[in-house]
Amino acid sequence: MRSLAYVAISVQLFVGLQCQSLPAKVKKCHYGDGKCLVESANALLRNFPKGIPEVNLKPFNVLPVRDWLLVNDSQVGGAWYFFELLNQINYGFENTTITEIRGFDKDPTATRIEIHGKIPRLVYKGDYLAKGRMLWFVDINSHGTSESDFLNFRFDLTLKVRIEYRNNKRYLKIYELVPNIRLDRWIMWLDNFFPDNEDLTIAINNLFNRNWVEFWNELEPGILSLFETVFLSLFEDLFEKVPYDDLFLADEDSK
Ligand SMILES: *[C@@H]1O[C@H](CO)[C@@H](O)[C@H](O)[C@H]1NC(C)=O
Ligand SMILES: *[C@@H]1O[C@H](CO)[C@@H](O)[C@H](O)[C@H]1NC(C)=O
């Protein structure tokens with residue numbers, strides 16, 4: 001049994017040392033061929049909603065999100081607010097349509113990398129923790145489940161990258177990702193917001209949903225930072241695992 005385990009470990013090590021490459025089903029493109037990259041990315045989203053574990057591509061359909069402190073006012077005065085999202089799961093990336101890709105040249109640092117796309121409905125489900133004081137007299141101290149729906153969610157991502165060498169191979173490292181987001185509507189529901197008063201809970205949720213634009217404007221910087229980590233987590237592992245040049249056709253290859 002022991003030698004069997006040894007063989008198993010050696011095989012694993014051997015496989016682990018091999019460079020990972022994309023499955024043949026993913027169509028490769030020439031460097032900088034934005035049109036081809038858009039088609040290939042969309043085919044990948046359609047064909048692999050559950051990701052590609054061999055190349056560290058996470059599932060698009062169910063993506064756990066790290067806990068996020070969205071509001072943390074200093075707790076003084078008549079009105080302050082603390083709001084944290086916990087155990088959140090992101091649903092809906094599998095329905096993304098990539099509309100434009102720029103950059104990804106042979107020298108990926110030569111031109112700006114941009115990825116544009118849209119998602120009909122992006123959903124966040126999980127728990128929340130809220131504390132605060134509203135209107136000088138209502139104290140809030142609640143936790144429960146939350147659901148957020150972002151409808152017709154459009155994103156533009158701008159990436160700054162550098163190249164790292166490992167075993168004489170070039171790997172792409174993203175050191176900055178700036179998201180820009182537009183949406184048609186944000187629907188949110190916080191369960192149990194006033195634990196003792198269901199009517200008030202409904203009223204505050206309705207208030208939020210009627211005035212979502214104001215809340216979006218107020219919270220946008222924090223939400224953008226959250227999306228930055230979410231988008232990064234979607235593809236940084238892929239670039240970590242697969243050498244940059246293995247993602248593209250060599251110059252002499254035809255399409
Ligand atoms: C919220 O901000 C205060 C300072 O303003 C800080 O002491 C506290 O640690 C922050 N809370 C969390 C959970 O980071
Ligand atoms: C993604 O699209 C499928 C098929 O149209 C749909 O059933 C699913 O609900 C969508 N996902 C989300 C989160 O809306």
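Hi everyone, thanks for coming. Before anything else, please keep in mind that this is a predicted model.

Let me start with ligand 2. Which residues surround ligand 2? They are Tyr-91, Gly-92, Glu-94, Asn-95 and Arg-121. By class, that shell has one nonpolar, two polar and two charged residues. Two of its side chains are worth a look on your screens. For Asn-95, a side-chain N or O atom sits 2.4 Å from an oxygen atom of ligand 2. For Arg-121, a polar side-chain atom is 3.1 Å from an oxygen atom of the ligand.

Now to the empty space. Rolling a probe the size of a water molecule over the atoms shows where such space is left.

The largest pocket holds about 610 Å³ of space. Its lining is made of 23 residues, and those nearest the centre are Tyr-81, Met-134, Phe-208, Phe-215 and Leu-219. If you like to think in elements, the ones that give two or more residues to this lining are the strands β2 (68-72), β3 (80-91), β5 (113-134) and β8 (185-190), together with the helices α3 (198-210) and α4 (212-241). What is the make-up of the lining of this pocket by class? It comes out as 18 nonpolar, one polar and four charged residues.

On to the cavities. How many cavities of 30 Å³ or more are there? The count is three, and I'll walk you through two of them.

The largest cavity has a volume of about 590 Å³. It is lined by 27 residues, with Ala-41, Leu-44, Ile-101, Phe-235 and Leu-238 closest to the centre. Two or more lining residues come from each of α2 (34-47), β4 (97-102), β6 (138-166) and α4. In this lining, 23 residues are nonpolar, two are polar and two are charged.

The second largest cavity has a volume of about 110 Å³. Its lining residues include Leu-70, Leu-85, Tyr-124, Phe-150, Trp-186, Met-188 and Phe-227, and also Gln-88, Ser-146 and Ser-148. Here the elements that contribute two or more residues are β3, β6, β8 and α4. By class, we have nine nonpolar residues, three polar ones and no charged ones.

Helix α4 gives two or more residues to the lining of the largest pocket, to that of the largest cavity and to that of the second largest cavity.

Most residues other than glycine have a negative phi. Asn-152 has a phi near 45°, and Asn-192 has a phi near 65°. Where do they lie? Asn-152 is in strand β6, while Asn-192 is in the loop between β8 and α3.

Definitions and conventions: Residues are numbered from 1 along each chain as its sequence is written. Chains are lettered from A and ligands numbered from 1 in the order in which they are written. This is a predicted model: local features need pLDDT of at least 70, side-chain atom pairs count only at pLDDT 80 or more; totals for chains, interfaces and linings use all residues. Side-chain values use heavy atoms; hydrogens and water are left out. A residue is near a molecule or strand if one of its heavy atoms lies within 4 Å of it. A polar contact is a pair of N or O atoms within 3.5 Å; within protein, one must be able to donate a hydrogen and the other to accept it, and residues adjacent in sequence count only if both atoms are side-chain atoms. Ala, Val, Leu, Ile, Met, Phe, Trp, Tyr, Cys and Pro count as nonpolar, Asp, Glu, Lys and Arg as charged, and the others, Gly among them, as polar. On a 1 Å grid over the protein atoms alone, a cavity is a set of points where a 1.4 Å probe fits but cannot get out, and a pocket is an open set with protein on both sides within 12 Å along at least five of seven lines; lining residues have an atom within 4 Å of a point. Grid points are joined across faces, edges and corners, and a volume is the space filled by probe spheres set on the points. Helices (H or I, at least four residues) and strands (E, at least two) are DSSP runs, numbered from the N terminus.
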